[in-house]
Amino acid sequence: MVTAVERPSSSGSGSAEGDELPRLAARRRPGRWVAVAVIAVLAAMAVHSILTDPRFEWGTVGRYLTADTVVRGLGLTLGLTAATFVAGWLLGVLLAVLRLSSNPVLRAVSFGYVWLIRSVPPLVLLLFWFNLAAIYPRLSIGIPFGPEFVHVDTAHLFGGVLAAFIALTLDVSAFAAEIVRGGLLSVPAAQLDAARSIGLTPGRILRRIVLPQAMPAIVPGAGNLLVGLLKSTSLVSVIAVTDLLYSVQMIYAQNFQVMPLLFVATIWYVVATTVLAIVQYFVERRYARGMGGAEHGRAASLLGGALRWRPRVAVR
């Protein structure tokens with residue numbers, strides 16, 4: 001940013017026609033270059049150590065990176081992530097709508113559900129559903145305090161994958177409900193009133209007015225939730241679900257090469273989260289077009305300018 005310098009008034013008797021603005025010189029920043037040099041040296045040392053240290057056993061990592069057991073575990077992790085995200089997101093949208101309802105009972109139910117699920121760690125939810133048979137050995141459908149029509153033994157119903165799906169879906173739905181609610185509340189109520197006044201149906205209001213303005217606020221939170229869910233699926237290894245982490249655990253339990261196999265799992269998690277980040281970037285660009293994209297660009301520009309601002313010194 002450049003400091004403002006006023007040009008002398010041309011109406012004054014002492015001013016000359018050849019008066020010019022003083023030359024501006026950028027402020028020297030030796031500390032910045034020192035910091036860059038230190039960071040570059042430390043990064044080079046870290047990369048050299050990682051690549052040349054034989055204890056990392058990169059040959060073992062490469063050998064098991066595409067092993068059948070690891071690939072099957074990766075497939076289960078990705079499938080469980082996709083299924084729980086879709087189911088949890090749909091339930092979260094419903095909870096957000098209930099939370100914004102004019103019915104106080106529905107609002108209370110949604111608030112209580114979100115409060116309870118967000119208060120319980122996902123690992124506790126996972127263990128609860130996996131051990132549900134200890135509390136409810138049998139679930140039934142029938143007349144209250146009367147005969148049962150259908151019943152099922154929970155010991156044979158809730159296996160590891162189903163328990164993981166239910167637990168992670170409940171956890172995702174609570175956070176998705178708050179993300180969706182925040183996005184819907186970001187749309188000014190005056191625009192909804194104006195849309196109703198010209199006779200737009202609720203469906204068209206949702207598609208044309210609400211979603212285009214709410215999605216830029218929803219997508220970043222949804223992307224973060226999806227990445228967090230991908231990593232949270234590693235919790236299912238505690239109930240012997242053969243996901244990516246449990247697959248590498250089974251391998252290093254036999255060959256005792258713990259760190260190389262953990263590097264294998266880490267590489268696949270990094271690859272998966274990177275792909276999700278790229279998809280999130282393009283989805284954000286898709287919903288940031290038009291006025292919303294311009295406002296987002298101006299805000300980012302102002303923030304970046306504030307972070308980069310340094311005064312410049314005028315040299316005469």
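Colleague: Which backbone oxygen lies 2.8 Å from a polar atom of the side chain of Ser237?

Modeller: In this predicted model, Ser237 sits in the loop between helix 8 (202-232) and helix 9 (244-255). A polar atom of the Ser237 side chain lies 2.8 Å from a backbone oxygen, and that oxygen belongs to Ser234.

Colleague: Is Ser237 buried or exposed?

Modeller: The relative accessible area of Ser237 is 11%, and a residue counts as buried when that value is under 20%. Because 11% falls under this cut-off, Ser237 is classed as buried.

Colleague: Is Thr60 buried or exposed, and which residues does Thr60 touch?

Modeller: Thr60 is part of helix 2 (residues 58-64). Its relative accessible area is 8%, and since the cut-off for buried is under 20%, Thr60 is buried. Not counting residues up to four places away in sequence, Thr60 touches Gln257 and Pro260.

Colleague: Among contacts in the protein chain between residues at least 6 apart in sequence, what percentage join residues at least 24 apart?

Modeller: The protein chain has 11 helices and four strands, and buried residues account for 27% of its 316 residues. Of the contacts between residues at least 6 apart in sequence, the share that joins residues at least 24 apart is 70%.

Conventions:
Residues are numbered from 1 along each chain as its sequence is written. This is a predicted model: local features need pLDDT of at least 70, side-chain atom pairs count only at pLDDT 80 or more; totals for chains, interfaces and linings use all residues. Side-chain values use heavy atoms; hydrogens and water are left out. Helices (H or I, at least four residues) and strands (E, at least two) are DSSP runs, numbered from the N terminus. Buried means under 20% relative accessible area, exposed over 50%, partly exposed in between (1.4 Å probe, protein chains only). Contact means heavy atoms within 4.5 Å. A polar contact is a pair of N or O atoms within 3.5 Å; within protein, one must be able to donate a hydrogen and the other to accept it, and residues adjacent in sequence count only if both atoms are side-chain atoms.
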